[in-house]
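Colleague: I am new to this structure. Please take a close look at one part, the place where the chains meet, and walk me through it.

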Amino acid sequence: MDYFIQQFINGITLGGLYALIALGYTMVYGVIQLINFAHGEFFAAGGYVGVIVLSYLTGLGLLETHPVLCLTASFALTMAYCAFLAVGVEKVAYKPLRKQSRLAALLSALGMSIFLSNGLMLTQGVYDKAYPSELFQGMIQVGGITISYLQIMILCMTGVLLVCLNTLVFKTKIGMAMRATAQDKIMSSLVSISSNRIISLTFAIGAGLAAAAGIMVGLYYGSVRYDMGFLPGIKAFAAAVLGGIGNITGAMLGGLIIGMVEVFGAGYISGEYKDVFAFIILIAVLYFKPTGIMGENIDDTRV
Amino acid sequence: MKRKLSTILVLSLVLVPLMMGGAVAKTLKIGSMSPLTGPYASDGTDIKNGVLTAIEVFEEQGGIPGYDKIELFAQDTACDPKQAVAAANKLINLEVAGVVGAYCSSSTIPSSEALSEEDIPMLTPASTHQDVTDRGLPYMFRLCGRDDDQAPAAAKFIKEALGAKTMFVVDDKTTYSQGLADGVVKAAKELGIQVLDHEHVNQGDKDFAAVLTKAKATNADVFYMSLQGYSPAALMTLQASRIGMKSQIVTQDAVFQPKYMEVAKDASEGVFLTYGYTDPNTPEYKAFEERYVPKYGAIAAYATYAYDAATVLLNAIKAAGSTDPAKIKAELMKMDVQGVAKQIKFNEKGDSGSAYIAFKVEGGKFVPYWDPEKGMLK
């Protein structure tokens, strides 16, 4: 039983991170029906900006004296940076193609992904960058179960971000505008919603969440490297599709399912097939429900 | 007429220096193959840097008579067999005199087949799988050790020095890492060590929580970690210490990279690994250190071997006085020199011997700990 609970905690940590990245895919798809393959790179960029900011603060000696403040500052700076990066990418690579076929924008997204990850490699080097390890040292032991403070921090932070996003989308005027744009761009522009602004905002929010996931992954695994965006990007995309692409709640659910299936597959059957299990679930769900778990053709929760 | 004249003028301006350059400068081309992108880019870059250093030193010492310049064509294999073969074909088209590489055994084996069709000598600094030299290719040489030497040495160390009774093995399914893990499992069973489980993870994974939780539950004496490269090894070590795993971690030569300690930090203290013994007190090593470290940073797993591979290749070409592969081979076989990494003398297979010892991570450094013949060092 201890073993089960331990793996459950591992799964929920990983799933939460996938969910954060998956949201970016699903929101962008909801608004402009584009699968933004460069999204994984925002996550990687977030990991790097995080390590740069945290190392700088460590150098100043602030990390020891004000750890919470430093962490908040690094999250804020990183999320802001990646939000701007994403808006820039949208303006450069997607906006000029908005009236073209969807395939053109998709190819542009793939190109952007290669460009960004190689840019990261050239500017930051091929070696791993280590995160400061002083933060959240230690763990709690309950019987045979170990939960590290880092896992607790990640779970809390993920929870807070998901709740904030839900509030933003379903409880505020901006969220309402986003949902309106997702449903009908022309109609929403007739009631003076600027679709360009909403699209930029969607990219910014998605990238901000991915950047937060990037820092947490860096802290959790202790290091970042330039190609870290690829695999989680693919898994998160799968999570978004699993949950029903375009649906926010679906993406959260999809992320958690993929994380859980992976961890339990590795824990109870074999580690070498963990990716296989994740994708088997994806195929099985799509076979019986092609729109994904929460996906519906017309749905007012779509963003 | 005027236009014709100006065309001739432009053409001659372009062509004459080219022709002159061709007449005066003769360049010796050599190739290197290693992963410069992808998950093993760091190790591959070390190999390239080692070869570049060798060329720099060799040119300063006078180079090769008849050649003005030695040029390196560094190819990226990405540790992908298909790309490695493409890289080998590219080097064949460039008519290189010899190749240093590749890094992953799974790249070296197929690309050496392509190079051997053209009789181009290939010297691998890092591929330890036994099949690299066991296929009987005449122009395949190896500077590092062999897995079938490393695996028994590792098993003996686990049994004799650590007194382990049980072990948990994990690899990441490359030709190298899985081959070595299988060898260690076999050798360990022969020595009476009980192998509780042999797990596999995927290349490029970052999250090992599930497998580590499984390993922790078995409570084995030794956790043997056979991974391709320091990067996943550092992540796994860090995560193992986070979940409070008590098993002693033992790992292998691909982890011999100072970056391992930089990423895993305190978690890496006390980890053992097997690696070919390099005497850091030889004048050759010191000279290399002085030149390499300021330019490229700390010396990692295969920079020294790549340096030695390039140096013996260039010396053989110089002694042979030509780029004829048979003559280069004859010169290579004659060699018995002290390199930076080790004493180099090739046997008929193309191997140059292995001297695997166990290192321990202590105070952020790899410290020689145990020798299969001499027992505990120090």
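**The contact between chain A and chain B**

Modeller: Across the interface of chain A and chain B, 18 residue pairs are in polar contact, with both partners at pLDDT 80 or more. That threshold applies here as the model is a predicted one. On the side of chain A that touches chain B, the elements giving two or more residues are α1 (2-32), α9 (195-221), α11 (248-269) and α12 (274-288) of chain A. The most comes from α1(A), which gives five residues to that side. Sorted by class, the side of chain A that touches chain B holds 19 nonpolar, 10 polar and six charged residues.

Charged side chains also pair across the interface of chain A and chain B, where two salt bridges are found. One of them joins the side chains of A:Lys274 and B:Asp205, at 3.3 Å from N to O.

As for extent, chain A brings 35 residues to the contact and chain B brings 39 residues. Between the two chains, about 2,900 Å² of area is buried, and carbon and sulfur atoms give 51% of it. Within the area that chain A buries against chain B, A:Tyr127, A:Tyr221 and A:Glu272 supply 23%, more than any other three residues.

Conventions. Residues are numbered from 1 along each chain as its sequence is written. Chains are lettered from A and ligands numbered from 1 in the order in which they are written. This is a predicted model: local features need pLDDT of at least 70, side-chain atom pairs count only at pLDDT 80 or more; totals for chains, interfaces and linings use all residues. Side-chain values use heavy atoms; hydrogens and water are left out. Contact means heavy atoms within 4.5 Å. Buried area is the accessible area (1.4 Å probe) that two parts lose on being put together, summed over both. A salt bridge is a side-chain nitrogen of Lys or Arg within 4 Å of a carboxyl oxygen of Asp or Glu. A polar contact is a pair of N or O atoms within 3.5 Å; within protein, one must be able to donate a hydrogen and the other to accept it, and residues adjacent in sequence count only if both atoms are side-chain atoms. Helices (H or I, at least four residues) and strands (E, at least two) are DSSP runs, numbered from the N terminus. Ala, Val, Leu, Ile, Met, Phe, Trp, Tyr, Cys and Pro count as nonpolar, Asp, Glu, Lys and Arg as charged, and the others, Gly among them, as polar.
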